[in-house]
Amino acid sequence: PARLYAAPGGAAAVPGGGAPLQVLLLDANHTPGAVMFVFSNHLGAVLHTGDFRLHPEHAHIGALPILQGGLSRIFHDNTFC
């Protein structure tokens, strides 16, 4: 059985009545196809950066609808910290 399935509005829903989880992928400006993940549900929002290169286009991230309540945590996972 599936543990997650696509739900309307870009969310992932957990079978059995678990809380819906929204997942957003953002360009990481690193290698082609590299992304950062935003996970959001009723408990808050988390940004996982993975390897990324900061770019002026990242300034809009805070204005995204998924982050209207702010970030609960940032997991900064970068090779060259």
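**Reading the strands and core of a predicted model**

Student: Is S40 buried or exposed, going by its relative accessibility?

Tutor: Buried means under 20% relative accessible area, exposed over 50%, and partly exposed in between (1.4 Å probe, protein chains only). S40 has a relative accessibility of 9%, so this residue counts as buried. This is a predicted model, in which local features need pLDDT of at least 70 and side-chain atom pairs count only at pLDDT 80 or more, while totals for chains, interfaces and linings use all residues. Residues are numbered from 1 along each chain as its sequence is written, and side-chain values use heavy atoms, with hydrogens and water left out.

Student: Which residues is S40 in contact with, leaving aside its neighbours within four places in sequence?

Tutor: Contact means heavy atoms within 4.5 Å. With those neighbours set aside, S40 touches P20, L21, Q22, A45 and I66. S40 itself belongs to strand β4.

Student: How many helices and strands does the protein chain have?

Tutor: Helices (H or I, at least four residues) and strands (E, at least two) are DSSP runs, numbered from the N terminus. The protein chain has zero helices and six strands, and its elements read β-β-β-β-β-β from the N terminus on. Of its 81 residues, 26% count as buried. Among contacts with a separation of 6 or more, 38% come from residues 24 or more positions apart.

Student: In what sense do β3 and β4 pair, and over how many bridges?

Tutor: Two strands pair if DSSP finds at least two bridges between them. β3 and β4 pair in the antiparallel sense, over six bridges; L24 has V38 in β4 as its bridge partner. N29 sits in the loop between β3 (21-27) and β4 (35-41). The phi of N29 is near 50 degrees, a positive value in a residue other than glycine. With a relative accessibility of 23%, N29 counts as partly exposed.

Student: How many residues lie between β4 and β5 in their hairpin?

Tutor: Two residues lie between β4 and β5 in that hairpin. The two strands pair in the antiparallel sense over five bridges. Within β5, V38 has L47 as its bridge partner, and F39 has V46.

Student: Which strand is joined to β5 by parallel bridges?

Tutor: That strand is β6 (residues 73-75), which runs parallel to β5 and is joined to it by three bridges. H48 has F75 in β6 as its bridge partner. T49 lies in the loop between β5 and β6 and counts as buried, at 4% relative accessibility. Apart from neighbours within four places in sequence, T49 contacts V35, M36, I74, F75, H76 and D77.

Student: Which side chains of β4 are on the covered face and which on the uncovered one?

Tutor: M36, V38 and S40 make up the covered face of β4, and V35, F37, F39 and N41 the uncovered one.

Student: How many aromatic pairs does the structure hold?

Tutor: Rings of Phe, Tyr and Trp (its six-membered ring) pair if their centres lie within 6.5 Å; planes under 30 degrees apart count as stacked, over 60 as edge-to-face and the rest as tilted. The structure holds one such pair. The ring centres of F37 and F39 are 5.8 Å apart and the planes are at 10 degrees, so this pair is stacked. F37 is partly exposed, with a relative accessible area of 31%, and F39 is likewise partly exposed, at 30% relative accessibility.

Student: Which residues form the largest nonpolar core?

Tutor: In soluble globular proteins, nonpolar side chains tend to be buried together. A nonpolar core is a set of buried Ala, Val, Leu, Ile, Met, Phe, Trp, Tyr and Cys residues joined through side-chain atoms within 4.5 Å. Here the largest has 12 residues: L26, A28, A34, M36, V38, A45, L47, F52, I61, L64, I66 and L67. β4 and β5 are the elements that give two or more residues to this core. I61 is in contact with L26, M36 and L67, leaving aside its neighbours within four places in sequence.
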